[in-house]
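Have the structure open while you read.

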Amino acid sequence: MKRLHARYPFLEGAREAVATEAVDLATIVEQDGAVVDRARERVLSSLEDGETGEPSRDSRVELLSYPVARVLVSLVAERMLIRKYARAEAEAAFDRFTADFTDTTELKSVESSGVDLEDLLAEFDLVDAVHPIGDVDDPDGYRIDVGAYLPLSSDLWGDEWLLVNRALADGRVPISEAELLTLVREAVRERVEDGLPFDVPESIAESLEPEAQAVREVLADLDLTREIDTVVPDLFPPCMKALLDDIQKGEHLPHHSRFAITSFLTSIGMETDEIVDLYRVNSSFGEEMTRYQTDHIRGDTSPTDYSPPSCATMQSYGDCVNKDDLCERIPHPMAYYENRIDDADDDDLEDWREGNAEDEEADA
Ligand code: SF4
């Protein structure tokens, strides 16, 4: 079983196996360098390559490195890290279970390190929600209850995942086998992400501080939220693009719209000076007033650090415009932006950043 749990550490059974190892995490992080090294690799690889790195040959190290990696992610507690880490673990699981499903050489036994589809559906309480079609026209197809389909597909890109593009019948959504496996991958991602970040006891935090620092450094190199503001308006949600356009065209915006765009720009890390520069083209924006409002929204001159409004609020003010397919799946403009940044190619982001740096030099 150890090999199985080492390969699929998010399984309930693996969690129990860790508990019955009768080791406490504090002792592991203090004394077991191999486990800590592997945990660090899991997290750093997820940031750098979107993978979890080369598995340890020692099943115990591999298994224990998973909870330690979760601790490490919790210590750094950055939203982008959590998303990337969960996605990398889910990708690793996906590669393994798709390989298991096609591998017929190993007979299933107690010692098996593989899983089959039924195991995974049972693990995520999906057995009763997934129904093989068993049709001659579609021998590999399934129907999945819409209640199970919606949460699992909510983070998937592409119009094909939208319910309006599915032949929903009797509360069930038809899906291919490949799509079912993608949904199982999403279930793994949610399981990994669930509960992150959590509070880490002081003694463990101290032992793992060098590893946490290494993760913070890699994250800082990748941390696009600091630079993204001026760099990637291409990835802004449609509502914010429209508001920014209006400002730059010199239009007068009502207070709620000005609040929405300004709080969005401060939330993604733009400095007040940069926002003032951005608004300067708008003659109805006096610099002093813009500065005052921006500092106020940011919380510098007020007790509150204001967050941008949710999609529901934007809609109620008529500020939600030009919705696209991603809009259907997110509740908040920040979630839209996070999704787009997260899914953007690192090379593209690098190009955007370089392009922006050149623009700034040209402006200087
Ligand atoms: S759905 Fe949300 S993110 Fe999309 S345009 Fe409307 S307010 Fe903006």
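## The whole chain

First off, this is a predicted model. The chain has 364 residues, and 48% of them count as buried. Its secondary structure comes to 19 helices and three strands.

As for contacts with a separation of 6 or more, 69% are between residues 24 or more positions apart. The accessible surface is about 18200 Å², with 48% of that belonging to carbon and sulfur atoms.

## The strands

With E1 (residues 130-132) the pairing is antiparallel over three bridges, and Pro132 has Tyr142 in E2 as its bridge partner.

E2 has Tyr142 and Ile144 on its covered face, while Arg143 and Asp145 sit on the uncovered one.

## The annotated cysteines

An unreviewed UniProt entry puts a "binding site" feature at Cys239, Cys311, Cys320 and Cys327. They're spread over 89 residues of sequence, yet cluster in space, with a largest C-alpha distance of 9.9 Å.

Cys311 is in helix H17 (residues 311-316). Its relative accessible area is 15%, so Cys311 counts as buried, the cut-off being under 20%. Beyond four places in sequence, Cys311 touches Ile330, Pro331, His332 and Pro333.

Cys320 lies in the loop between H17 and helix H18 (333-343). At 24% relative accessible area, Cys320 is partly exposed. Leaving out neighbours within four places, Cys320 contacts Cys239, Met314 and Gln315.

Technical notes. Residues numbered from 1 in each chain as written. Predicted model: local features only at pLDDT ≥ 70, side-chain atom pairs only at ≥ 80, totals over all residues. Heavy atoms only, no water. Helix = DSSP H or I, 4+ residues; strand = E, 2+ residues; numbered from the N terminus. Buried < 20%, exposed > 50% of the residue type's maximum accessible area, 1.4 Å probe, protein only. Contact = heavy atoms within 4.5 Å. Areas by Shrake-Rupley, 256 points an atom, 1.4 Å probe, with all protein chains shown as cover. Pairing = 2+ DSSP bridges. UniProt positions renumbered as here; feature names shortened; annotations may be inferred.
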